[in-house]
Amino acid sequence: MSLPTLPSSPSATPASPVAASYTRLAEVFPGLRVRELTEGEPAPRGGGWVGADELAAGGPALDAFLAWDDAQVLRDHGRQARPDVVAGFGLHRYAWLACLLVTVPWFLHRRVPRVPAGDVAFQRTLGQMAVRVRHFACLPDDPAAALPGALVVPDEEALRGEVRAAVAEHLGPVLDGFGPRMRRGGRALWGMATDEIVEGLWYVAGLLDEEPRALAELELLLPGTAKPYVGTAGFRELTAPDGRTLPTRDRASCCLFYTLSPGDTCVTCPRTCDTDRVRRLTAAN
């Protein structure tokens with residue numbers, strides 16, 4: 001599924017411990033701009049904004065959110081997708097971005113913000129998220145450890161635990177909201193969450209020219225035993241005809257795009273054979 005190319009919006013508040021991470025994210029990936037809310041500032045509503053808590057509620061706000069995906073499929077493919085497929089597309093397009101709120105500050109600055117669903121809002125057509133960061137985790141030698149809201153953890157593994165917990169805190173309620181529309185059980189939904197964590201940071205790390213480090217970090221983050229997540233980061237290597245190494249992985253979940261276009265699968269889909277992956281990856285480079 002293609003990634004959105006979206007216009008810019010204001011950058012994060014400079015005083016925040018995660019502002020530099022969000023600013024750097026916007027520099028390499030203009031598809032998402034994060035605006036941090038100040039203390040007492042209400043989260044935006046209306047004008048295309050939807051709260052993550054509204055998506056989690058699974059009511060009219062989710063209906064309106066998924067109407068965009070339904071219209072996009074009809075416009076681009078000339079046919080309607082099944083309701084569960086539309087819901088899967090909508091969840092992917094939200095969760096892929098939402099995971100970056102946590103994983104990018106961790107990857108860049110070893111700071112892990114807590115972003116519960118009630119503190120995040122999304123404007124998809126502008127590519128904006130508004131977020132209120134009240135608490136964050138960091139390592140003992142981080143200068144931000146003395147800031148209000150800091151949770152100091154002893155080492156890298158503890159910090160990885162904070163990443164897993166922060167993403168689960170945010171996505172858990174959202175998965176509950178989308179789940180009935182998608183006709184998938186909890187294991188399948190958390191497999192999708194695993195994929196969003198891995199593939200979002202993998203993509204951004206490529207833009208940062210830090211792909212090898214991201215692959216190693218993600219393997220440690222998702223070893224396959226960290227519940228509720230399903231599966232590992234699962235990276236493996238293919239060899240191009242010219243001898244180059246091509247990293248790939250097999251997704252833990254399926255986006256069901258093949259239901260619209262049976263011959264067109266994602267390059268990390270288990271349905272895509274390695275020969276086809278090599279052909280597509282070398283053609284892209």
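Glu 169 is partly exposed, having a relative accessible area of 33%, where partly exposed lies between buried (under 20% relative accessible area) and exposed (over 50%), with a 1.4 Å probe and protein chains only. The model is predicted, so local features need pLDDT of at least 70 and side-chain atom pairs count only at pLDDT 80 or more, while totals for chains, interfaces and linings use all residues. Residues are numbered from 1 along each chain as its sequence is written, and side-chain values use heavy atoms, with hydrogens and water left out.

**Glu 169 and its partner**
- Glu 169 forms a salt bridge with Arg 114, their closest N and O atoms lying 3.3 Å apart, a salt bridge being a side-chain nitrogen of Lys or Arg within 4 Å of a carboxyl oxygen of Asp or Glu.
- This pair links distant parts of the chain, 55 residues apart, with Arg 114 in the loop between β3 (111-113) and β4 (120-123) and Glu 169 in helix α5 (residues 156-182); helices (H or I, at least four residues) and strands (E, at least two) are DSSP runs numbered from the N terminus.
- Arg 114 counts as partly exposed, at 25% relative accessibility.

**Other salt bridges**
- The side chains of Arg 45 and Asp 53 meet in a salt bridge at 3.2 Å, N to O, and Arg 45 is partly exposed at 41%, as is Asp 53 at 33%.
- Glu 210 forms a salt bridge with Arg 213, with the closest N and O atoms 2.7 Å apart.

**Overall count**
- The salt bridges number 32 by this rule.
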